[in-house]
Amino acid sequence: MEKKTNQFKAEIAEMLDLVVNSLYSKKEIFLRELVSNASDAIDRAKFLSLTDKSLIADNPEWKIQIAANRDAKTLMISDNGTGMDAAELEQNLGTIASSGTKKFREMLAKQVEVEGGDGEKGVPGGAPELIGQFGVGFYAAFMVADKVTVETLKRGTATSYKWESDMSGSYTISDGDRDFPGTSITLHLRDDQLEYLDKWRVSELIKKYSDFIAYPVTFKDLNPPADEKDEDKKRREEDEAKPLNTMVALWKRTKKDVKQEEYDEFYKHLTHDWDGPFETIPFSGEGAVEFKALLFLPKKASMDLFMPQQKRGLSLYVRNVFIGDDIEMLLPSYLRFVKGVVDSADLPLNVSREMLQDDAVIQKIKTAVTKKILSTLEDLKKKDAAKYDEFYTNFGTVLKEGVHTDWSEADRLKKLLKYPTARGEAGKRVFLEDYVKDMPSTQKDIYYITAEREADARKSPVLESARQHGCDVLLWCDPVDEYLTESLRDFDGKKFVDVSKGDVAFGSEDEQKAAKDANEKASAELKPFLESVKKVLEANVSDVRVSTRLTDSPCCLVQQEHAMPPSMVRMMRAMNQQVPDEKRILEINAAHPLIKKLADLHSSTSTSDFNSDIAFLYDAALIAEGSPVTDGARFAKKLAELMLK
Ligand code: ADP
């Protein structure tokens with residue numbers, strides 16, 4: 001058979017139904033679409049009048065009016081924008097997915113090319129930002145109406161037209177009787193959609209979706225009470241003259257023109273956080289994707305910051321039209337405390353949440369927003385240490401997650417982390433670079449210790465030798481710290497080493513060698529003693545050995561190199577996780593008088609006395625690190641005995 005090219009046949013009515021009912025998740029969106037179209041039409045009229053003044057011979061006051069007629073069950077959305085002639089009506093409203101707005105944009109782009117401008121900025125007066133570009137928004141009207149009438153008069157022409165359709169697959173165009181330029185769209189509402197005749201409902205939708213449309217949107221009730229008194233009429237008319245929208249898109253104004261109070265008000269409106277923002281970050285993205293953003297850091301962490309159902313993300317606008325709030329895709333999870341608005345002209349209006357997930361524009365905005373927030377924090381760190389610390393107290397824990405989840409920014413994030421240290425005062429934290437700067441020349445690694453409480457960590461006997469050698473130790477007491485060890489890996493070429501694990505050695509090479517020799521000598525001398533202690537504590541520890549970590553305490557408990565720290569074990573168990581018991585190593589201080597005494601007693605005292613002394617020693621080591629003793633009664637009994645002696 002010969003190859004033939006056929007046009008697809010489509011059942012237009014069904015196709016329309018599909019477009020209307022599957023494209024939008026909420027019926028109320030129709031109002032946003034029609035108001036956006038009206039705003040576009042005014043944008044275009046304004047723009048065209050820049051070069052043809054005759055188009056605005058009527059000296060228009062640009063506006064969008066919504067009029068409700070309860071008797072006729074109609075809702076009308078009117079504008080005094082460009083209007084359309086018969087050909088345009090056919091082209092724009094008679095062809096599904098044909099966008100006049102898109103064509104206008106293309107025409108603008110060409111004009112710029114011909115006139116040699118630099119993009120949209122080259123157009124005299126600046127090209128308008130047109131909302132529509134998909135060519136289906138108008139049909140959203142059929143979600144709530146069973147018939148739509150469009151009456152329109154194109155600016156600069158004298159004949160008006162009327163377009164009408166009930167969505168059954170055809171439409172009519174006839175002469176109209178509109179006598180002023182612009183377009184009115186009348187929706188004959190379905191009986192179950194009469195809520196849109198209500199002023200409060202309309203006002204709510206305008207606030208939600210079209211608050212920042214640049215022209216006033218007003219509401220008029222076409223069925224005032226028949227017996228309305230003059231003063232009531234006057235009041236109603238005054239009221240109806242007030243715009244429902246605020247018309248100021250704060251994020252579009254340059255920072256120097258906006259007062260901080262205005263930003264504060266906007267933040268409160270956006271977040272319902274009456275404390276006001278901690279930091280306000282207006283900025284615009286240029287280059288690959290153009291957008292404007294207004295971001296805020298809050299003063300305090302919200303209660304649900306660590307809850308999975310926490311609302312996170314930024315509000316998204318496309319050319320001043322609200323698309324949605326809590327758009328998670330605009331922020332990495334570790335910046336979920338950031339609030340604000342992003343407005344981009346590079347996205348289509350009917351973009352859905354699902355589409356945003358993989359959208360390249362959204363990805364680029366997310367990257368730019370992330371970088372901006374990080375550079376703001378870097379500035380704060382540099383210029384106002386106390387303020388940064390306040391921020392870190394509230395959000396440091398969340399920020400740390402980024403080291404694990406965002407490889408591309410991990411190095412910047414590490415520089416923003418702060419930790420308390422063994423040497424520092426309680427409540428003081430240091431940056432890693434400051435820790436490294438203070439390291440003695442013999443120290444190669446960055447030392448840390450994990451504990452549930454800072455006070456316990458600070459007192460841990462494990463730190464004694466490190467202290468003696470002038471090495472500070474980071475105190476990791478935030479539950480996420482331990483999880484981060486893998487991702488932190490190194491800082492400034494230095495590894496992170498847990499001082500309570502495996503073998504650690506402090507001081508110069510000579511000092512380390514001397515300590516090693518002394519350790520070997522003591523281990524040999526104390527061999528029988530160590531073996532007996534190990535036997536007594538068989539159930540509790542995997543080994544008993546002479547320590548290089550201790551100077552003042554008689555003993556401490558340490559872990560094998562790759563073991564899970566006790567604080568983490570407790571946390572996992574609290575979360576009902578199965579964690580096998582892992583025995584630790586008891587390290588003793590061979591030079592301590594108590595150990596010397598116990599070693600002496602080992603050969604002379606009775607086995608039962610020796611055993612209870614050693615059990616007591618073990619319990620004391622648990623207490624010293626902040627762990628609960630395994631046998632409280634045994635410990636109390638022994639303590640009482642000793643006190644009596
Ligand atoms: P979009 O707005 O995405 O381009 P629509 O289906 O909403 O698509 O509208 C199709 C076209 O109809 C618009 O691009 C525009 O050219 C025209 N149009 C719609 N509403 C108006 C209006 N109020 N005034 C003038 N033209 C309009």
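Is Arg-253 buried, partly exposed or exposed, and what is its relative accessible area? Arg-253 is partly exposed, at 29% (buried means under 20% relative accessible area, exposed over 50%, and partly exposed in between, with a 1.4 Å probe and protein chains only).

This is a predicted model, in which local features need pLDDT of at least 70 and side-chain atom pairs count only at pLDDT 80 or more, while totals for chains, interfaces and linings use all residues. Residues are numbered from 1 along each chain as its sequence is written, and side-chain values use heavy atoms, leaving out hydrogens and water.

**View 1. Arg-253 meets Glu-262 in a salt bridge.** The N to O distance between these side chains is 3.4 Å (a salt bridge is a side-chain nitrogen of Lys or Arg within 4 Å of a carboxyl oxygen of Asp or Glu). Glu-262 is partly exposed, with a relative accessible area of 28%. By this rule the model holds 47 salt bridges.

**View 2. Asp-472 and Arg-423 form a salt bridge with N and O 3.9 Å apart.** Asp-472 sits in the loop between α14 (464-468) and β16 (474-476), and Arg-423 in the loop between β13 (418-419) and β14 (430-431), so the pair ties together parts that are 49 residues apart in sequence. Helices (H or I, at least four residues) and strands (E, at least two) are DSSP runs, numbered from the N terminus. Asp-472 is buried at 11% relative accessible area, whereas Arg-423 is partly exposed at 47%.

View 3. Asp-434 is partly exposed at 30% relative accessibility, while Lys-437 is exposed at 64%.

**View 4. Five strands make an open, mixed sheet in the order β8-β9-β12-β10-β11.** Strands β8 (277-285) and β11 (321-327) stand at the edges with a single partner strand each, so one side of each has no neighbour in the sheet. Within the sheet, β10 (residues 314-318) and β12 (residues 339-344) run parallel and are joined by four bridges (two strands pair if DSSP finds at least two bridges between them). Look for Val-318, whose bridge partner in β12 is Ser-344.

**View 5. Glu-28, Glu-195, Arg-201, Glu-204 and Lys-208 are linked in a network of salt bridges.**
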